[in-house]
There are 2 protein chains.
Amino acid sequence: MLRLECLFCRKKFPLDVFNPFCPLCREPMVVAYPPRTRTMALERELSLEKYRDFLPLASVNKKISLGEGNTPLVPLYRVMKNHNLPLVLAKNETMNPTHSFKDRGTAVAVQKAVSLGVKKIGTVSTGNMAASTAAYGARAELKTIIFFKKGSSLEKILSTGIHGAALFQVKGDYGELFRKSFEIGRKEGIYFMNSVDPMRIEGYKVTAYEIFIGLERRPPRFVFVPVSSAGHLVGLIRGFQDLKDEGFIHQMPFFVGIQAKGCSPLSRAFSEGRNRFRRVFKTQTIAHAISNPDPPAGNLALKLIREAGGLLMDVTDREILAAQRELAELEGILADPASATTLAALVKLSRDRKLLRGEVVLVVTGSGLKAMEALKKHNIYPKLLKL
Amino acid sequence: MLRLECLFCRKKFPLDVFNPFCPLCREPMVVAYPPRTRTMALERELSLEKYRDFLPLASVNKKISLGEGNTPLVPLYRVMKNHNLPLVLAKNETMNPTHSFKDRGTAVAVQKAVSLGVKKIGTVSTGNMAASTAAYGARAELKTIIFFKKGSSLEKILSTGIHGAALFQVKGDYGELFRKSFEIGRKEGIYFMNSVDPMRIEGYKVTAYEIFIGLERRPPRFVFVPVSSAGHLVGLIRGFQDLKDEGFIHQMPFFVGIQAKGCSPLSRAFSEGRNRFRRVFKTQTIAHAISNPDPPAGNLALKLIREAGGLLMDVTDREILAAQRELAELEGILADPASATTLAALVKLSRDRKLLRGEVVLVVTGSGLKAMEALKKHNIYPKLLKL
């Protein structure tokens, strides 16, 4: 019987797909593992099969995989040279089936949904998670319900709707919408696999295992990752913690979670030494994918990043756009602004030379193709030529 | 010394990166191999390293790879059920670094450019090839020149320009532009790695090897691929031919090359039993990525598909959009209209039950995200919801 655990009160509760939050502290829970030795099956093809022993899945249903994961870890030689840095690598999550890291989480959550016999799934999203959930829902023959915030871009609506999901544009506060979705879910039997769903977080752990294998069984010294709901960061920390628990690594990486200055509740709480963040009421950033004023796993991330070792910081839109341009111009990687925060933060921290010894992994979470608005900021105009 | 071969007059010439056409017959040439035994190195990570022995590369420069290839071969269970078909699989080329199959060709051509000391590369493209060439050019620190046809969409221009390429919008006929580019290239020292570049075609061979490995060392019975310049089809045929030459397989797959009815010079020539196609003067199709009125490897494809076994056919825009919708709704794969032609053709052919025994591989060449215009045709509207 799968149980969830609240890392704040250390209480455990049976899995309830309609509510991922602790009934006592209201913080998001994570999967509780019974102590056992876990091994990797690297000869397998699917990423979920390779690391199934580390996941809350009794078996992997290959029929509902889209071949997620197994993304390349690309050394950024020109970036290294440009900033005189040691080994910097990009974990390119845009090479997932729907072009973002969300597929890793969706893949695990949909496996769980199908194994539990759930027939309806949903999510609340402004972008990547919507497309990912709709795609996996389609493949698994599940009825899929997507709640968009009013004002979501046409390209995001179309690339989600094409998968046959029921789309709703919802008026009102996004945080409110997130909470309401669980009420609706319980009433209507819809498993809302939102950003901090415990199964999603399990899926993000796989990225940590792949980084470890890609570095020839060593952990990197640093992991840089954009932070929105903070579910991704929590998953990465837990993934490396698994590796430590099993004796694969002896030291955890130092985690750098990055927010946009225009929406930075967690980096503010971190720099002010607080354990709990304060929600933001006005957001203003080009990095829409991480513009979350009230991150549901925010307090959990603050707790874990202090325990594991790391920091939360923010970067400006100007720094983000410069980093986006640099990744594209020097390395041929088209990251969205949210992902570009990782390079922006690295450049910022690299001015303090002592901080950066050892390998740095930047997790590139989403494709610049899905953020046309930011591309328009780069003043790109073709010349006219008459032959 | 690398030589190119014209498969029409069987003459061989030394490699000239400024002219991939036979000086005698004007048809595109392919790489000529000295007879030797070639082996696979499947324990390697990069696709080019795994199959280097089959490629015209003395070594693989890992610094300029973006982790292309190694794409999943995804069984389409719901499509199979829907049309009562045997095993159908999608080779999902949208999971390449710039989200299209072009990266495989660009990767090999840029390896060659760098090893030859070429400093400037270019291409003539309306979309996927432009972004791919610009990305790899950036990574390899090459000056990259892109010729767009006038009227190319903003999203394509931006996602190419972000890589720092010099962009030119050119007035005039696209076929003319293609030919002119080689003149300009020779004069200015720019290696124009256009659609039928022999190194590109070598890169596409790797897809054939991966399909063979993915099917546990068997060839599929059928390979369906969209046809534009015909370079991709030529590469796939040559890849399977390599496998046959080396004794890995005993029978070639049956190749189905698909065009859009609104631009189908090759399928017309094929159905009329002609060896040479006639260029088209008016094109009208939603599948922009394969709207090529004068495919430079057209005659070569007609020749090879007759020799290897296969057919060329076309499908209507209506059939294309239905197939695009089906792939998205049943399988969670967002293909562009060009790629959706493969399923449209399969559905069409599957009415003749005898034709389709054995595994079918559909090569999904590009992402639906890069063809917003087509997504707008699907009448997707979210409902409004007030909480």
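Two strands are taken to pair if DSSP finds at least two bridges between them; helices (H or I, at least four residues) and strands (E, at least two) are DSSP runs, numbered from the N terminus. The model is predicted, with local features needing pLDDT of at least 70 and side-chain atom pairs counting only at pLDDT 80 or more, while totals for chains, interfaces and linings use all residues. Residues are numbered from 1 along each chain as its sequence is written, and chains are lettered from A and ligands numbered from 1 in the order in which they are written.

View 1. Strand β8 (residues 166–171) of chain A runs parallel to β14(B), with 4 bridges between them. Opposite A:Q169 stands B:L384 of β14(B). Contact (C-beta atoms, placed from the backbone, within 7 Å) links 57 residues of chain B with 57 residues of chain A.

View 2. All 5 of the 5 residues of strand β10 (residues 222–226) of chain A are buried, that is, 20 or more other C-beta atoms, placed from the backbone, lie within 10 Å of their own. A:F222, A:F224 and A:P226 point one way, and A:V223 and A:V225 the other. Strand β11 (residues 254–260) of chain A pairs with β10(A) in the parallel sense over 5 bridges, A:V225 standing opposite A:G257. β13 (residues 360–364) of chain A is also parallel to β10(A), through 3 bridges, and A:V360 is the bridge partner of A:F222.

**View 3. Helix α12(A).** Because 10 of its 14 residues are buried, α12(A) is largely enclosed by the rest of the structure. Among the buried residues are A:P337, A:T341 and A:L346.

Definitions and conventions
Contact = placed C-beta atoms within 7 Å. Buried ≥ 20, exposed ≤ 12 C-beta atoms within 10 Å, placed from the backbone.
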